[in-house]
Amino acid sequence: MEKVIHDQTKSYLDKNKILYTYQSGFRSNFSTDSCLAYLCDLITKGFDSGVYTGMILIDLQKAFDTIDHEILLRKMKFVGFSKEVLDWFKCYLTERSFKVKINETFSSSGNVNCGVPQGSILGPLLFLLYVNDMAKSIDSKHFLYADNSCIIFQNKDPEIIESKLNEDFSNLCDWFVDNKLSIHLGEDKTKSILFGSKKKLNKCNRLNIIHNNVEIKQHSKVSYLGCILDESLSGESMALKVINKINSKLKFLYRKKNI
């Protein structure tokens with residue numbers, strides 16, 4: 001039943017081009033490769049145009065588990081789902097319960113009042129619908145892979161980039177509050193980076209991104225969708241990671257052979 005509903009829902013979304021163009025998660029013909037291709041193409045074009053590219057990588061907290069059912073259904077109504085379909089989805093999402101098992105002992109039942117069912121066929125597609133309007137809250141470029149999100153702004157002046165990213169990040173945080181989602185503001189979670197040629201980066205100050213008195217730390221390299229991106233996009237950091245993995249594997253095989 002879920003598979004049938006999923007295919008019909010996906011067909012409706014595709015036919016009417018409802019899903020956000022730069023959402024690469026849980027979609028046919030999209031992947032981490034397409035998301036990274038969009039991003040790297042934008043940055044390298046910036047190099048060619050002589051501009052800096054500022055980026056904030058955003059880490060959501062348990063996004064799939066905190067989806068508000070009423071908000072989700074309102075968004076589905078807005079994009080054209082009929083009352084009968086909405087009634088079915090409401091029935092599907094609500095009146096779920098859970099128990100916790102420790103050793104051989106079960107807890108009493110608790111109600112699940114938010115989130116999409118983990119491991120379900122429909123869960124990922126419903127999440128895409130929930131975050132589909134996220135990009136409308138900002139003016140900067142916005143790339144998504146499921147709940148992995150980054151905002152990007154380009155300009156020849158790093159101070160303008162800093163100002164715009166601060167403004168858009170604040171607006172995005174307001175969107176998270178309105179939609180009952182939250183982000184990690186820790187140093188290794190939500191972070192920023194400024195891309196540019198090595199020569200240009202030596203001439204500019206670091207970005208000062210702050211939200212609610214919490215500084216979003218700038219890094220010289222970041223990990224995004226399994227790929228390490230350094231500020232000059234040289235690929236050196238990613239190459240070193242691959243080489244170290246190969247060396248570790250060779251050392252393991254060498255020791256195993258000698259044993």
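Predicted model: local features only at pLDDT ≥ 70, side-chain atom pairs only at ≥ 80, totals over all residues.
User: Where is Lys 62 found, and what is its phi?

Analyst: Lys 62 is not a glycine, yet its phi is positive, about 45 degrees. Its place is the loop between strand E1 (52–60) and H3.

User: Is Lys 62 buried or exposed?

Analyst: The cut-off for exposed is over 50% relative accessible area. Lys 62 counts as exposed because its relative accessibility is 65%.

User: Where is Leu 225 found?

Analyst: Leu 225 is in the loop between strand E12 (221–224) and strand E13 (227–230). Though not a glycine, Leu 225 has a positive phi of about 55 degrees.

User: Back to H6. How many residues does helix H6 have, and how far does it reach?

Analyst: To read a helix span, compare the distance between the end C-alphas with the expected value at 1.5 Å a residue. H6 covers residues 158–178, 21 residues in total. From its first C-alpha to its last it reaches 30 Å, close to the 30 Å expected.

User: What caps the N-terminal end of H6?

Analyst: Asp 157 does, with a side-chain oxygen 2.9 Å from the backbone nitrogen of Glu 159.

User: Which residues in H6 are buried?

Analyst: Buried means under 20% relative accessible area. The buried residues of H6 include Ile 161, Leu 165, Phe 169, Leu 172, Trp 175 and Phe 176. Lys 164, Asn 166 and Asp 168 are also among them.

User: How do strands E6 and E7 pair?

Analyst: Look at the sense of the pairing and the number of bridges. Strand E6 (residues 141–145) and strand E7 (residues 148–155) are antiparallel, with five bridges. One of the residues to look at is Leu 144, whose bridge partner in E7 is Ser 149.

User: What lies between E6 and E7?

Analyst: The two strands form a hairpin, with two residues between them. Ala 146, in the turn, has a positive phi of about 60 degrees.

User: How much space lies in the largest pocket, and which residues are closest to its centre?

Analyst: The largest pocket holds about 330 Å³ of space. It is lined by 13 residues, and those closest to its centre are Phe 78, Val 79, Asn 132, Asp 133 and Lys 136.

User: What is the lining of the largest pocket by class, and which helix gives the largest share?

Analyst: By class, the lining has eight nonpolar, one polar and four charged residues. Helix H3 (residues 69–78) gives the largest share, five residues.

Key
Residues numbered from 1 in each chain as written. Heavy atoms only, no water. Pairing = 2+ DSSP bridges. Helix = DSSP H or I, 4+ residues; strand = E, 2+ residues; numbered from the N terminus. 1 Å grid on protein atoms, 1.4 Å probe; cavity = no way out; pocket = protein on both sides within 12 Å on 5 of 7 lines; lining within 4 Å. Points joined across faces, edges and corners; volume = space filled by probe spheres on them. Nonpolar A, V, L, I, M, F, W, Y, C, P; charged D, E, K, R; others polar. Expected span 1.5 Å × (residues − 1). Buried < 20%, exposed > 50% of the residue type's maximum accessible area, 1.4 Å probe, protein only. Polar contact = N/O pair within 3.5 Å; in protein donor to acceptor, adjacent residues only side chain to side chain.
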